[in-house]
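Biologist: I would like to learn how to read aromatic pairs and chain contacts in a model. Please take me through an example.

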Amino acid sequence: MLFALGTAALVLTALVWELARPALRAGLARAYARAQRTLLAEASGHVLALDYDPGRERRAEQRARELLRSCVNEREWAMYRDLGFLRVWERSGARYAYLIYPHKPIVAYVPESGALLSEYCVAFPDHSRPYGSARLPDADDVLAKWMALAADERRLIADANMHLPGRQIDPDRVRRDLARLARWERERESLSVTAGNATRAGHPGLGGWGGRGSNNVRAT
Amino acid sequence: MKFLRLKPGHGEMVLAEGDVEIVEQERELIEAFRRELDAGMWAAVPTETHDGRREAELVKSFAEVPRDAERVIFFPRAAGGAPGTALF
């Protein structure tokens, strides 16, 4: 009886060990990697907040969105808020336009045909890495691209790494985004017409929706 | 006039603020401007045209900043992004 119980206890221990071993190994590997990162950070003399803080990132993004909102026109802000990207027309005319995504390449395309022209991969890395990361908040990245394009399109494009469409952003996704953009614009147009009618009829209406040329002729 | 800096993990930070018509404050603004450019930042001034268009202007010296500008936004210089991983 005692022998049987002892054998069962041994088998049980072996089974538990086998089951727990992968989790233990993964935990040890994580702890080792964390220790390595901390040592590297200390060795490079940086005081880094290595732990990701979602609250801080969320507050940063909120600030960034407010700043973006204060810099672009109402229509562009609504576009970013609703669709997650901005469209900017090229400076010398309206032969092509750019889609600005946060932390993704700028995509150039022909609005008339929807043909994708190229991807311009550009980044604004902050090498001081104030919170352990060189990445600006999403809305700040979009604002930086928007300001650089608005101020000096040629220079930004020259600084960027140019690739054929599809290098980093799935062309199908871009086409879907263009379709969403077209739908979004139609809805705004119809809301604008409704608001105009309401205003003419003496109702407060929605007012303030900018048409293509209402606030920023070139920019949407 | 307010100097803002886009910062990872934080959003914008106010670097300096002052009245360009007051000599002492203007000097402080100029020093802050130089410091940021020396640190490799670009400086942009958000503008609005007469017809209400929102634009931005990159400036390389404090003298290029319009006297009536409310904000100058500093952000890291553009670099060609990582070549990245091809999707296909």
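This is a predicted model: local features need pLDDT of at least 70, side-chain atom pairs count only at pLDDT 80 or more; totals for chains, interfaces and linings use all residues.

Biologist: Which elements does chain A have, and in what order do they run?

Modeller: Helices (H or I, at least four residues) and strands (E, at least two) are DSSP runs, numbered from the N terminus. Chain A has five helices and five strands, in the order α-α-α-β-β-β-β-α-β-α from the N terminus.

Biologist: How is an aromatic pair described?

Modeller: A pair of aromatic rings is described by the distance of the centres and the angle of the planes. Rings of Phe, Tyr and Trp (its six-membered ring) pair if their centres lie within 6.5 Å; planes under 30 degrees apart count as stacked, over 60 as edge-to-face and the rest as tilted. Eleven such pairs occur over all chains. One of them joins A:Tyr96 and A:Tyr98, edge-to-face at 5.8 Å centre to centre and 90 degrees between the planes.

Biologist: Is A:Tyr98 buried or exposed?

Modeller: Buried means under 20% relative accessible area, exposed over 50%, partly exposed in between (1.4 Å probe, protein chains only). A:Tyr98 is at 2% and therefore buried; A:Tyr96, at 24%, is partly exposed. A:Tyr98 also pairs with A:Tyr120: the centres are 6.4 Å apart and the planes at 70 degrees, so this pair is edge-to-face. A:Tyr98 lies in strand E2 (residues 97-100) and A:Tyr120 in strand E4 (residues 116-123) of chain A, so the pair ties together parts 22 residues apart in sequence. A:Tyr120 is buried too.

Biologist: How much area do chain A and chain B bury between them?

Modeller: The size of an interface is often given as the accessible area lost when the parts come together. Here buried area (1.4 Å probe, summed over both parts) comes to about 3500 Å², with 58% on carbon and sulfur atoms. A:Met147, A:Arg155 and A:Arg167 supply 16% of the area that chain A buries against chain B, more than any other three residues.

Methods:
Residues are numbered from 1 along each chain as its sequence is written. Chains are lettered from A and ligands numbered from 1 in the order in which they are written. Side-chain values use heavy atoms; hydrogens and water are left out. Buried area is the accessible area (1.4 Å probe) that two parts lose on being put together, summed over both.
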